[in-house]
Amino acid sequence: MDYNLCDSKTINRLLSAHGFKFSKALGQNFIVDEEVCPAMAKALCANKKTLVIEIGPGIGVLTKELCRVAGRVCAIELDKRLYPLLGETLGDYKNFELVEGDVMKLDLKKLIEEKSRGFTSVKICANLPYYITSPVIMLLLESRLPVDEIIVMVQREAADRLCAEAGTRNSGAVSAAVQYYGSSEILFDVGRESFMPSPKVDSAVIKITPYTQPKYSVKNEKAFFTLVKAAFSQRRKTAVNSVSATLKIPKERVASALRELSLDENIRAEKLTMEDFAALSETLVEPQKANEG
């Protein structure tokens, strides 16, 4: 049966039949806006040669739209209570496959390798719970998965950070990390009234396109990310104070490194570009690690 999963009465009837109650711990909010999921599916530009990995299908409202445009949809779900419900709501879609487990613990590279045979592209799509947004996105990027693009719905405030360019006001450690691995953009906003139950904040759908080749010249990635995290660890302070306090490097040495790069020694982390961070990491963090060793 093809259920209308955006109809509140239908949803309540299904949830009641399966004895399901929303879990605050899992950040469960199901989409009930009829326009949102088709828009997300359309943004993927998928076809019958596309494998889509969905994270957290819920009751399947987004999954249905993905199944209509893609060749196969493998949906990763942690909540065992949803398994029989998904079997009912998506029973008519032969290109749907449920992957039971926690996305943070699964071997995603192996999963994609096994499921993508016969497909020419792989994309990831998700309506992510707010509490796990950054960890999931960083896992996807750091794993360097063979995917063309990642389209996810996140809290609006998180979208601003994830898509902020380094050197701008909204930038942070996660912004630099996303920018290091790929390009990102906000596609459209989604109001809180589009969910059941309704959260207290609005959301936005973003797209991240991983680079096929590294864009930034970074010799030591560990040193680079160590510096970025240190610089943003105390946002209200200057980069000199934040880096010095976090990495235990003398302030004058940090200030001197900034001057060598023709940067103001009173600059804050949010004003540093990706190139600035790359140069500073080689000047400060790598020698520091060598000295400690």
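**Figure 1. Contacts across the chain of the predicted model.** Among contacts (heavy atoms within 4.5 Å) between residues at least 6 apart in sequence, 68% join residues at least 24 apart. The model is predicted, so local features need pLDDT of at least 70 and side-chain atom pairs count only at pLDDT 80 or more, whereas totals for chains, interfaces and linings use all residues. Residues are numbered from 1 along each chain as its sequence is written, and side-chain values use heavy atoms, with hydrogens and water left out. Twelve helices and nine strands form the secondary structure of the chain; these are DSSP runs numbered from the N terminus (helices H or I, at least four residues; strands E, at least two).

Figure 2. The loop between β3 (72-77) and α4 (83-89) holds aspartate 79. This residue counts as buried because its relative accessibility is 7%, where buried means under 20% relative accessible area (1.4 Å probe, protein chains only). Not counting residues up to four places away in sequence, aspartate 79 touches Phe20, Leu26 and Gln28. The side chains of aspartate 79 and arginine 81 are joined by a polar contact of 2.8 Å; such a contact is a pair of N or O atoms within 3.5 Å and, within protein, one must be able to donate a hydrogen and the other to accept it, while residues adjacent in sequence count only if both atoms are side-chain atoms.

**Figure 3. Helix α9 and its start.** Helix α9 comprises residues 221-231, and its buried residues are Ala223, Phe224, Phe225, Leu227, Val228, Ala230 and Ala231. At the start of α9, the backbone nitrogen of lysine 222 lies within 3.0 Å of a side-chain oxygen of asparagine 220.

Conventions
Buried < 20%, exposed > 50% of the residue type's maximum accessible area, 1.4 Å probe, protein only.
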